[in-house]
Amino acid sequence: MRSSQQQALFRPRRSQQWREGAIRALLALCAAVSVVTTVAIVVVLLWESALFFREVSPWEFLTGTRWAPKFQPQSFGVLPLVCGTLLVVVGSALVALPAGLITGIYLSEYARPRTRAVLKPILEILAGIPTVVYGYFALYFITPGLMAVFPGTERFNAASAAIAVGVMILPMVASICDDAFQAVPDSLRQGAYALGARRRQVVLRVVLPAALSGVIASYVLALSRAVGETMIVTLAAGANPQLTLNPLEAIQTMTAYIVQVSLGDTPAGTVEYHTLYAVGLLLFLITFSLNVVAQRILRRFREEYE
Amino acid sequence: MNQSPPVEKDAPAVPVLQVQELTIRYGDKVAVDRVSLDIPETKITAIIGPSGCGKSTLLRALNRMNDYIEGLTMQGRVLYRGVDLYAKDVDPVQVRRRIGMVFQKPNPFPKSIYKNIAWGLAINGIRDGVPQRVERALQQAALWDEVKDRLHDSALALSGGQQQRLCIARALALEPEVLLMDEPCSALDPISTARIEDLLFQLRDTYTIVIVTHNMQQAARVSDYTAFLDGGHLVEFGPTEQVFTRPKEKRTEDYVTGRFG
């Protein structure tokens, strides 16, 4: 006979083991859903793109300067779309990167704890505004403003969308920068102050260099958001794929083109239809590599102090 | 080198720092309660007492390192050579340049050994003879021989004890008059601790040193004067030898003999 103390050591009854197993399987299934979806999307992208690249050579696609899948003669040079995306991304970076960094510095190093406790949640709310709202904001507020300042501005233009995208990604930059500064150990600040550093020197020459990889990671993540941003550019930047560096003209980004084709009456199975996947694949590759870069930088950043 | 320091009874030393009726509160909590204390020149003064007795807070008040602590209020005065450190037109940056500080946990910057010291010189506008000053500071801190061949390696690669000596070198490079040390050995092993104590003996003639320690043996070994703080009150202050062998207060006696704390 086993005593009760001995009995306690043995495995529970079979029904309990079965329950543990069921829960485990359920959790694994949930995890699998997201992985399988992602893989499936990539597979579809690759498959459909392959159909496109049977008709159009990748070289022509990547180096052509005219994008006209719907007109005769057809032309599949993706550069105008890439250029449009680039205009918006660079413009939004000009708005968001410096302003976000400065906001992050203020929040972490200058704001009193009480001010910070108010501002930080507000920033996070800002990050939750639907992008369609930013799109209307660009169209009905920023564009008229630009037209008033620069008379040649077109009704749809890259600059207006870029500013709105910049405002949209600013909270993210500010918030990640703030986190990066907060992660700098206070003992470093104390050490600097004890050497007779002024606050400006502590911030610019101790905290900022120590948090630099976090700042860069926030930049890369923000740029990746800007590249993939769709609603704002669809509403405000126009639908005119052209190779231009003038931000006051109408352009078309890769994302806006995808929206246009998805909504339009492009017959499935045609080359025009397959452009959707080719452009989507290119977009995916760009944002994916940006995210990988950001993750790399963040990992380095985490290792810096311990 | 380890004999107990001589105490001049007839020639009172000139006080460099005078703490007068100093009270420091965190919100409503009193951390330092009406403390008055004269810190003598070119001597080592130890501040001892149980955890939470206010000794670090008191130390940090001596070079205005408490300025950035939210909710901290002060009453009373801290005089440096007769000047109130908290007077409106006193620049805290200049205060900290003359009254340096070394912290509990070594906190070198994530830069090279050389730059750790050169940085303090640069922000204080010292541009002449920087390499010589770096070398002198490292020699004063008894670190030069260990690091002279790898000055441009990261300071974070040094051992804890070396890092702490680097932090001392960093403070000494600015040629301060007073050096405040907040439990500088509490994160170090006994060998590193012994090296820092040796270093203190070498610095004693040149600098006025105030050291906070929870290690009574350390206070007895290195200091000329000892202040015993308990619950924010200054219980006793006097020559170390007297405080440890013939304390005037019962509470001091209980503490230094290890009956509490």
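So, the interface: 17 residues of chain B touch 15 residues of chain A. Keep in mind that this is a predicted model. On the chain B side, the elements giving two or more residues are helix H2 (92–98), S6 and helix H3 (113–123). Which of them gives the largest share? That's H2(B), with three residues. By residue class, the chain B side splits into eight nonpolar, five charged and four polar.

Let's stay with S6(B), the strand at residues 99–102.

Now over to chain A, and a pair of helices. H5(A) covers residues 113–126 and H7(A) covers 158–182. Their axes come within 8 Å and cross at roughly 140°. Oblique is the range between 115 and 145 degrees here, so H5(A) and H7(A) count as oblique to each other. As for handedness, H5(A) passes H7(A) in a left-handed crossing. Who makes the contact? From H5(A) we have Leu123(A), Glu124(A) and Leu126(A), and from H7(A) we have Pro171(A), Ala174(A) and Ser175(A). That comes out as four nonpolar residues, one polar and one charged.

That's what I had, thanks.

Notes. Residues are numbered from 1 along each chain as its sequence is written. Chains are lettered from A and ligands numbered from 1 in the order in which they are written. This is a predicted model: local features need pLDDT of at least 70, side-chain atom pairs count only at pLDDT 80 or more; totals for chains, interfaces and linings use all residues. A residue is buried if 20 or more other C-beta atoms lie within 10 Å of its own, exposed if 12 or fewer, and partly exposed in between; C-beta atoms are placed from the backbone. Helices (H or I, at least four residues) and strands (E, at least two) are DSSP runs, numbered from the N terminus. Two residues are in contact if their C-beta atoms, placed from the backbone, lie within 7 Å. Ala, Val, Leu, Ile, Met, Phe, Trp, Tyr, Cys and Pro count as nonpolar, Asp, Glu, Lys and Arg as charged, and the others, Gly among them, as polar. Axes are lines fitted to C-alpha atoms, for helices over the stretch in contact, and angles run from 0 to 180 degrees between N-to-C directions. Angles under 35 degrees count as roughly parallel, over 145 as roughly antiparallel, 65 to 115 as roughly perpendicular and the rest as oblique. A crossing is left-handed if the near helix is turned anticlockwise from the far one by less than a right angle, and right-handed if clockwise.
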